Amino acid sequence: MELPFSESYRIKTTEALKRSTKEERAAWIKEAQYNLFKLKSDAVFIDMLTDSGTGAMSNRQWAAIMTGDESYAGASSFHELKDTVKSIMGFDYFLPTHQGRAAENVLFSVLVKEGNIVPGNSHFDTTKGHIEHRKAKAVDCTIDEAFDTTIDHPFKGNLDLEKLEKVYKDYPKEQIPCCIVTVTCNSSGGQPVSIQNMKDVYALSKKYDIPVLYDSARFAENAYFIKLREEPYKDWSIKEIVAEMYQYADYATMSAKKDGVVNIGGFIGFKDEETYRQACTFSILFEGYVTYGGMSGRDMAALAVGLDENTEFDYLETRIKQVEYLGKKLMEYGVPIQYPIGGHAIFVDANKVLPNVPKEEFRAQTLGIELYLEGGVRGVEIGALLADRDPVTRENRYPKLELLRLAVARRVYTDNHMDYIAAALKNVYDRRNEITSGFNITWEAPIMRHFTIELDKA
Ligand code: F0G
């Protein structure tokens with residue numbers, strides 16, 4: 001008999017989960033103004049809100065915590081992390097930050113100016129937020145295939161070179177501070193970018209003298225997909241693939257809360273010294289001295305181990321197979337999801353599940369609330385609430401995809417939890433035709449509204 005797949009780790013510590021009743025959940029979500037971010041975590045049974053900072057650290061990472069050097073300047077933990085980033089990604093210059101958006105804040109303070117144009121593949125919301133906050137504009141150059149959840153394409157995170165070149169031709173290079181390649185591309189469904197596309201984007205960008213920045217939150221998952229789906233790399237190790245990926249980047253911003261598998265942390269990688277020098281000033285202003293940048297020594301020590309461990313095939317295989325397991329279950333039940341299944345999450349196509357809810361009443365948010373009511377499972381809306389208003393017209397933006405994301409925390413839940421989530425969503429799906437109304441906004445912040453928004457039943 002062929003031996004089945006099984007996880008590449010065993011579990012040493014556990015954390016109790018609290019069950020609740022439908023009546024309790026109905027009261028809690030109303031109290032939270034129908035904003036899933038405002039729920040107390042005790043009110044959630046299985047939390048699929050995010051894979052960011054929610055992972056379980058390994059025994060080696062916990063051991064590294066005890067070796068953390070808390071010196072204000074020049075800590076050995078800083079040097080361990082800097083050396084690890086150099087050996088994995090190849091960056092000579094490095095600044096730690098407290099998380100990914102802090103890396104964006106520090107680097108964009110140097111690079112992005114008012115009136116700038118920043119092309120990329122479906123910029124993540126904080127990335128776009130930091131661009132728009134500086135009165136610059138993000139232009140989405142993702143390939144069209146990414147916007148049809150049913151098309152089977154191995155690299156739906158790829159950039160469309162024609163769209164990118166149009167940006168490079170339409171604006172002078174002084175107005176384009178960089179091109180952002182998000183690996184994997186979160187907003188389009190945790191979809192990977194191929195090495196071929198990275199090479200092509202880099203060559204085109206060099207032709208127009210534009211630097212390339214990798215938003216690297218899930219860079220290792222991207223490398224895993226390259227190994228599986230891009231023929232020339234099938235025999236390469238994950239670390240070799242990662243090294244190759246970063247040949248075609250000038251900068252990286254990293255949210256280490258994802259593929260670093262730590263609960264907090266981030267960094268910036270630079271190939272040129274001048275940008276690094278300028279960024280140091282902003283690091284000191286916003287984050288902290290350049291050898292800790294908002295992280296404690298112990299967190300930097302745990303991250304150095306996390307980066308090393310999580311660029312190994314066995315770990316990535318366990319992780320991504322669990323996401324796939326959930327996706328396949330949902331497909332068996334007929335629930336429409338972004339296909340192929342991405343690296344860190346399942347993205348449910350809410351336009352297809354709830355076409356009877358007016359789009360102005362936020363279909364993906366409505367689906368997220370129904371799933372919470374059904375089984376205490378918390379996902380997150382990646383749709384019109386997150387897309388926010390146009391900064392100029394202040395009209396609501398309705399993105400091509402209206403998705404409910406179910407993000408899988410790293411090394412936290414078992415496949416039984418995945419079965420439970422799939423069953424809860426199936427129950428919602430089976431009664432989808434009875435759901436005909438959604439939610440109206442009663443209060444919203446001027447930017448990044450989805451985190452704090454208040455809603456009421458329409
Ligand atoms: N870039 C990408 C692609 C991200 O997914 C995130 C965060 C960030 C940057 C910002 O990093 O949270 O450390 O400040 N994504 C989280 C998520 C929040 O749930 O997908 P951060």
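In the predicted model, helix 9 spans residues 238–245, and its buried residues are Ile-238, Ile-241, Val-242, Glu-244 and Met-245. Viewed down the axis of helix 9, these buried residues fall within an arc of 160 degrees, so they line one face of the helix. Buried denotes under 20% relative accessible area, exposed over 50%, and partly exposed in between, with a 1.4 Å probe and protein chains only. The arc is taken over the directions from the helix axis to the C-beta atoms. Helices (H or I, at least four residues) and strands (E, at least two) are DSSP runs, numbered from the N terminus. The buried residues of helix 9 pack against helix 3 (76–89), helix 7 (195–207), strand 6 (212–215), helix 8 (219–229) and helix 12 (313–332), where contact means heavy atoms within 4.5 Å.

Residues are numbered from 1 along each chain as its sequence is written, and side-chain values use heavy atoms, with hydrogens and water left out. Because the model is predicted, local features need pLDDT of at least 70 and side-chain atom pairs count only at pLDDT 80 or more, whereas totals for chains, interfaces and linings use all residues.

The ligand is surrounded by 17 residues, of which Thr-50, Arg-101, Ser-255, Lys-258 and Arg-405 are the closest; a residue is near a molecule or strand if one of its heavy atoms lies within 4 Å of it. Polar contacts are pairs of N or O atoms within 3.5 Å; within protein, one atom must be able to donate a hydrogen and the other to accept it, and residues adjacent in sequence count only if both atoms are side-chain atoms. An N or O atom in the side chain of Thr-50 is 2.7 Å from an oxygen atom of the ligand. A nitrogen atom of the ligand lies 2.7 Å from a polar side-chain atom of Asp-215, and for Lys-258 the distance from a polar side-chain atom to a ligand nitrogen atom is 2.8 Å. Of the 460 Å² of accessible area that the ligand has on its own, the protein covers 94%. Accessible areas come from the Shrake-Rupley method with a 1.4 Å probe; for residues, only the protein chains shown count as cover.

Thr-126 belongs to helix 5 (residues 125–133) and is buried at a relative accessible area of 4%. Leaving aside neighbours within four places in sequence, Thr-126 is in contact with Arg-101, Glu-104 and Met-448. Ser-188 lies in the loop between strand 5 (179–182) and helix 7 and is buried, with a relative accessible area of 1%. With the same exclusion of neighbours within four places in sequence, Ser-188 is in contact with Ser-122, Ala-146, Lys-156, Gly-157 and Gln-338.

Most residues other than glycine have a negative phi, and most peptide bonds are trans. Ser-122, in the loop between strand 3 (117–120) and helix 5, has a positive phi of about 40 degrees and counts as buried at 9% relative accessibility. Asp-209, in the loop between helix 7 and strand 6, has a phi near 65 degrees and is partly exposed at 49% relative accessibility. The peptide bond from Val-183 to Thr-184 is cis, with omega near -20 degrees. A cis peptide bond also joins Tyr-339 and Pro-340, with omega about -5 degrees; Pro-340 is in the loop between helix 12 and strand 9 (345–349).
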